[in-house]
Amino acid sequence: MKTENIKIPEKINFVPLFETITNGKKLKEYLLKENRDKIIEQGYKIIKSDSFIEKYIDLMKFIRKQIGFDFYYQKSPSLRVSKPGDNENPFHIDAWSGHGEKIINFWTPLVEINDYNSMRIVDKSKTKELIKKHVYNQKFNRNLFQKESLRYSKPLKAKVSELSIFSNQ
């Protein structure tokens with residue numbers, strides 16, 4: 001599956017919900033200055049709110065219309081927060097999280113992104129090659145794996161009002 005971006009209807013815009021935690025600051029400014037753990041804690045409170053759940057269900061219905069088939073989805077989406085200089089997790093690999101081979105991912109940024117602050121993905125064949133080279137090696141080096149993965153990755157280019165669709169297929 002090729003990565004593609006689709007415009008999200010304004011009624012499904014999640015940004016205003018997350019702006020409620022900023023104390024009047026712009027969301028991007030707040031995310032840069034606030035403690036990562038606090039952002040995640042506040043973010044998951046929003047994700048559990050009735051207003052978020054309503055928008056999330058609307059988003060799932062919208063996606064269903066876009067892709068043209070039924071699908072299973074996470075009851076509660078994952079919130080990923082990456083701040084400049086973060087190096088906490090190696091590249092996310094669906095299989096390492098227990099996902100099957102036919103997973104379709106949907107991602108939407110909450111702030112404007114560029115090549116340096118976007119989620120990055122590596123194509124399926126290169127991912128398999130990197131795993132074989134680094135993970136099956138008995139001297140796994142997380143930092144080396146991360147560095148080489150970064151070299152082969154491409155940033156997702158979704159705008160705040162867009163949904164990026166990509167897969168491990």
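Strand 1 and strand 5 are joined by four bridges and run antiparallel. The model is predicted.

The pair belongs to an open sheet of three strands, ordered 1-5-2, with antiparallel pairing. Strand 1 (4-7) and strand 2 (104-107) are the edge strands, and each pairs on one side only. From one strand to the next, the twist averages 25 degrees. Strands of a sheet pair through backbone hydrogen bonds, either parallel or antiparallel.

Next comes the helix on this sheet. Helix 4 lies across strand 1, strand 2 and strand 5. Its direction is at about 120 degrees to strand 1.

The largest nonpolar core has 24 residues. Ile12, Phe14, Phe18, Ile46, Phe52, Leu59 and Leu163 touch the most other members. At least two residues of this core come from each of helix 1 (15-19), helix 2 (27-33), helix 3 (36-47), helix 4 (50-67) and strand 5 (162-167). Helix 4 gives the most, with six residues.

Setting aside residues up to four places away in sequence, Leu163 touches Glu4, Asn5, Ile6, Ile8, Leu59, Ile63, Phe106, Trp107 and Thr108. Among these contacts, Leu59 is, like Leu163, one of the core residues that touch the most other members.

Terms used:
Residues numbered from 1 in each chain as written. Predicted model: local features only at pLDDT ≥ 70, side-chain atom pairs only at ≥ 80, totals over all residues. Heavy atoms only, no water. Core = buried A, V, L, I, M, F, W, Y, C linked by side-chain atoms within 4.5 Å. Buried < 20%, exposed > 50% of the residue type's maximum accessible area, 1.4 Å probe, protein only. Contact = heavy atoms within 4.5 Å. Pairing = 2+ DSSP bridges. Axes fitted to C-alpha atoms, helices over the stretch in contact; angles between N-to-C directions.
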